[in-house]
Amino acid sequence: MYRIKTSELLSGNWIAEELTSIEVVKNISDDSCETKRHYLLVAYSLEYKIEFSFDKANKVCQYIMVDENEMNREKQNINIEFIDDISIFRQHINKVREKFQDYILFENCLRIGDAELYFEDEKVDSLYYFPTV
């Protein structure tokens, strides 16, 4: 089982390299779709949705996005799990800024290392991780 933790994404630690491979993610995802330029693969882990975006041209992972799952799903993915181990979701922007000293503030997001936290109503709504290739 693959585990992704908020603390790892925001501290600059790498997630399992296999999670940036489209072949691996295809085998563990619950849903998929395509856009003109991307493959989107989704896995549902407890109350979270984990979305993987891969470039169609070279199959490189563009981002991994995590947000709270609004759908009530009975079946959970047994291959991947997201753990918000530092309780970042739904936190107010000011609390997040206190936790992290090294960030870049944009209009509705904070950039911390290879990750971006997006806010809605000044509370963390989603997390994007941009793997470095």
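Which residues do ring pairs link into a cluster? They are Y63, Y118, Y128 and F130. Keep in mind that what you are looking at is a predicted model.

**Aromatic rings**

Let's stay with the rings for a moment. The structure holds six aromatic pairs. A pair of aromatic rings is described by the distance of the centres and the angle of the planes.

| Pair | Distance of centres | Angle of planes | Type |
|---|---|---|---|
| F82 and F89 | 6.0 Å | 90 degrees | edge-to-face |
| Y128 and F130 | 6.3 Å | 15 degrees | stacked |

The F82 and F89 planes stand at 90 degrees, so this pair counts as edge-to-face. For Y128 and F130 the angle is 15 degrees, so that pair is stacked.

Y128 has a relative accessible area of 22%, so it counts as partly exposed. F130 comes out at 24% and is partly exposed too. The cut-off that matters here is that buried means under 20%.

In soluble globular proteins, nonpolar side chains tend to be buried together. In this model, the largest nonpolar core has 32 residues, and the members that touch the most others are F52 and L117. Strand β4, residues 48–55, is the top contributor to this core, giving four residues.

If you click on L117, what is it in contact with, once neighbours within four places in sequence are left aside? The list runs L10, I88, V96, N108, C109, L110, I112, V124, S126 and L127.

A57 counts as exposed because its relative accessibility is 78%. Its C-alpha atom is separated by 29 Å from that of T6, a residue 51 places away along the chain.

**The largest pocket**

Now for the largest pocket, whose volume is about 190 Å³. Its lining is made up of D67, E68, E70, R90, E120, D121, K123, V124 and D125. Sorted by type, that gives eight charged residues, one nonpolar and no polar ones. V124, part of this lining, also turns up among the contacts of L117.

Which strands supply at least two lining residues each? Those are β5 (61–68) and β10 (123–129). Of the contributors, β10 gives the most, with three residues.

Note on methods:
Residues are numbered from 1 along each chain as its sequence is written. This is a predicted model: local features need pLDDT of at least 70, side-chain atom pairs count only at pLDDT 80 or more; totals for chains, interfaces and linings use all residues. Side-chain values use heavy atoms; hydrogens and water are left out. On a 1 Å grid over the protein atoms alone, a cavity is a set of points where a 1.4 Å probe fits but cannot get out, and a pocket is an open set with protein on both sides within 12 Å along at least five of seven lines; lining residues have an atom within 4 Å of a point. Grid points are joined across faces, edges and corners, and a volume is the space filled by probe spheres set on the points. Ala, Val, Leu, Ile, Met, Phe, Trp, Tyr, Cys and Pro count as nonpolar, Asp, Glu, Lys and Arg as charged, and the others, Gly among them, as polar. A nonpolar core is a set of buried Ala, Val, Leu, Ile, Met, Phe, Trp, Tyr and Cys residues joined through side-chain atoms within 4.5 Å. Buried means under 20% relative accessible area, exposed over 50%, partly exposed in between (1.4 Å probe, protein chains only). Contact means heavy atoms within 4.5 Å. Rings of Phe, Tyr and Trp (its six-membered ring) pair if their centres lie within 6.5 Å; planes under 30 degrees apart count as stacked, over 60 as edge-to-face and the rest as tilted.
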